[in-house]
Amino acid sequence: MTWILPENSQLSFEGLSTPLHVLKGLGSGSQGQVYEVELAGERLALKWYLPACIARDRQLESRLAAAIGATAPSASFLWPIALLRPTAATQAQLRCRESGFGYLMGLRPPGFVGAIEHYGGRVDLELRQVLRACLELTDAFHALHSRGLCYKDISLGNLFLEPSSGRILICDNDNVDVDGRDLGSVLGTPGFIAPEILMGRARPGANSDLHSLAVLIFRLLTRHDPFRGALEREIRCLDEPARRRLYGEDPVFIFDSEDQRNRPDPELHPAPLVTWPIYPRELQALFLQTFGPGLREPGRRALTGQWQEALSRTLDRRQLCPSCGQENFPAIGADAPAAPSCWNCGTVLPPPLELELPCARVVAATGTTLHRHHLDPLQPPQWDAPFAEVVAHPSDPQLLGLRNASGSDWEVTLLQGRQITVAPGMSCNLAALRELHTDGGVIRVRR
Amino acid sequence: MPTFPNVRLANRPLHFIYLCDCSGSMAAQGKMQALNQAIRQSLPGMARVARENPEARVLVRAVRFADRAHWHIAEPTPVEQLQWQDLQAGGVTAMGEALELVAAQLASPPMEERALPPVLVLISDGQPTDDFEAGLALLLRQPWAQKAVRLAIAVGHDADQEVLQQFIGPDPEAQLPAGEVPGASGEMPRHRTGGSGRSPRRPLQASNATTLAQYIQWASTAVVGAASMPASRVDGDVSGSNIPLPDLPPTMVDMVEDVGPVVW
Ligand SMILES: Nc1ncnc2c1ncn2[C@@H]1O[C@H](COP(=O)(O)OP(=O)(O)OP(=O)(O)O)[C@@H](O)[C@H]1O
Ligand SMILES: [Zn+2]
């Protein structure tokens, strides 16, 4: 790789009082090169634009300046921190004569991988972590859109995730713009671009973000493309005109409720036939909506709030199959199917133990966590800080307990009416529990 | 332990074929070594792009041509398994025959029914000595060759630009009336030229080892990426071809340590 900024060098930039230590090149993309750098003792990432990218996108610098002036909509964005222009001395050291600029952002922390690693099946995640990642992604877009901003180019390439937790980070925030202002030339990434943008009928904005977001969620949940089914089978050479047909001129969702033309081919497209049926109807309905009427009428696409609700309800219904251990998400309460069976092995799932919280009903299954939003709908979920977690007894995995992950004592009423206190860090046997009082509200066990 | 189901991903082959001039003149000034080095050095980057594109199976082959043309790597080889054996220079320039060999492989069968557009990279430092026109005609009769991304790299200044341009196909910009700036009518330039009038639709001029390595790297990474999993699109990306080509690498200033032969 030929790096424009010399690796292992000290470079000065306008507006920086100390020199920046360029440690090494991390990678390159179609727009620029990304470096690991150190500034005043802090490790950061620097994106340096290629001259052709700067020449093509005349609003780039002003968009970046605006983003830097505003704060990140949420902690999930690797938001631009500072714009860097080389001093004359630095320019002379660059391997590219044309002058350029770049921006600083947070460095991807260890443990995070490109979302493509999950898509390509090279990291092991549990379904709940994938759902969590989708939920965090929608939270991030909800926050972005709520500020009147839009992203324009979300795709698998701009998303990092942490397999062990399902936490996400969104990079490449240089196309972010005020919705409707249209300062910029990016259209999106093929496969993710909304049909009206691909066909030139509209400009990218918050509405087209909703399409791209749905594509990304679908691809994370199913490891397949929502528009590659029988119609793709008919394409010999998958090139630009073919993509235009598939995603723009005549897009048909592979599971469309009426149009059967584009169903997955079991030979060519096995993944979605396995993965799609795992998810509850409520979640499937949002895809059917966004990739059904929403394809032609952007106003009918599922909104970020709907995704948040459906994804978090799905997570709350997680049950582990008693015979194969796989995660299942059958509906509970009034919508519960008579005898739900495991998508993986067909075993009938026993009726689960449910926890009733002020704002949710959550199925008790090992690994399930409870968060602030389960107690108070106005609280952000704070994914990295659950106040309770369902745990298995260390010597008897069938015995489920609820671990107090909060900072304060729980007052617990057992089935026989006895009162006990569960201190932070301790767990109590769910089989013996009637209700417990946390500082945020009451949890009742429903059997 | 529950895990995400281990599903088989949908993917398509992407055939990448080098056509390498091994005529005697390539022995001069270390050009042959520079090409061997450039290709060998480019493989890790190519493997990385292949890894980032799970929907493509990147398969590499190579033809060498001198007195005759031969498959240097006959078996379509997954890039991560590829080991580059050095090419040796010596002989004349049977470029036409090389195109015939490739034409036979792009017929269906042996081509798969469904694939991504193939990428053909022709590298030469001289003039064909056999019937280039016949070879090219045979090649371009194959639908897969018509769909292919065809790139050409001229090593040094004695390459036959005319012939390389014929291999690539007509350059849409060359047909503009004299004096008209490409893209002047639209907002953006139609071509991603890299800012110096260069275009991937014209032979890429590699005048030293560094530039040669850059172009090889570009073809084996950025172009493979574009042909398999496309990158972000911007306004004005409508190019004349069926695969919008990525920007050429920026012109880099030579640093003393990796300057190859200065003049060829
Ligand atoms: N903040 C970061 N920390 C660590 N690595 C990063 C960071 N941002 C980007 N990278 C890495 O740098 C490489 C290039 O980045 P990126 O894909 O954003 O470039 P790009 O030019 O915008 O490409 P494209 O637009 O084609 O996606 C990638 O390998 C990416 O993983
Ligand atoms: Zn099971």
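Guide: Helices are DSSP runs of H or I with at least four residues and strands are DSSP runs of E with at least two, both numbered from the N terminus. Residues are numbered from 1 along each chain as its sequence is written, with chains lettered from A and ligands numbered from 1 in the order in which they are written. This is a predicted model, in which local features need pLDDT of at least 70 and side-chain atom pairs count only at pLDDT 80 or more, while totals for chains, interfaces and linings use all residues; side-chain values use heavy atoms, leaving out hydrogens and water.

Visitor: In which loop of chain A is A:Pro266 found?

Guide: A:Pro266 is exposed, with a relative accessible area of 59% (buried means under 20% relative accessible area, exposed over 50%, partly exposed in between, with a 1.4 Å probe and protein chains only). From A:Phe329 it is 63 residues apart in sequence and 24 Å apart in space, C-alpha to C-alpha. The place of A:Pro266 is the loop of chain A between helix 9 and helix 10 (270–275).

Visitor: Which residues does A:Pro266 contact, leaving aside its neighbours within four places in sequence?

Guide: Contact means heavy atoms within 4.5 Å. With neighbours within four places in sequence left aside, the contacts of A:Pro266 are A:Leu273 and B:Arg8.

Visitor: What covers the buried residues of helix 9 of chain A?

Guide: Helix 9 of chain A spans residues 240–249, and its buried residues are A:Ala242, A:Arg243, A:Leu246, A:Tyr247 and A:Gly248. An α-helix has 3.6 residues a turn, so residues three or four places apart point the same way. The cover over the buried residues of helix 9 includes helix 6 (195–198) and helix 8 (230–233) of chain A, together with helix 6 (209–228) of chain B.

Visitor: What is the radius of gyration of chain A?

Guide: Chain A has 14 helices and 24 strands. For its 447 residues the globule rule gives 22 Å, and the chain is close to this, so it is as compact as a globular protein of that length. The radius is taken over C-alpha atoms, and the rule is 2.2 Å times the number of residues to the power 0.38. The radius of gyration of chain A is 24 Å.

Visitor: What percentage of the residues of chain A count as buried?

Guide: The C-alpha atoms of chain A fill a box of roughly 80 × 55 × 35 Å along the principal axes. Among contacts in chain A with a separation of 6 or more, residues 24 or more positions apart account for 56%. Of the 447 residues, the share that count as buried is 55%.

Visitor: Which residue in strand 22 of chain A is the bridge partner of A:Arg403?

Guide: Four strands of chain A form an open, antiparallel sheet in the order 17-18-19-22, where strand 17 (369–370) and strand 22 (427–429) each pair on one side only. Strand 19 (residues 400–404) and strand 22 of chain A are joined by three bridges in the antiparallel sense. The partner of A:Arg403 is A:Ser427.

Visitor: How many residues lie between strand 23 and strand 24 of chain A in their hairpin?

Guide: Strand 23 (residues 433–438) and strand 24 of chain A run antiparallel, joined by four bridges. A:His437 has A:Val442 of strand 24 as its bridge partner. Between the two strands of the hairpin, the number of residues is two.

Visitor: Is A:Asp172 buried or exposed?

Guide: A:Asp172 lies in the loop between strand 10 and strand 11 (177–178) of chain A. Its phi is positive, about 55 degrees, although it is not a glycine. With a relative accessible area of 18%, A:Asp172 is buried.

Key
Pairing = 2+ DSSP bridges.
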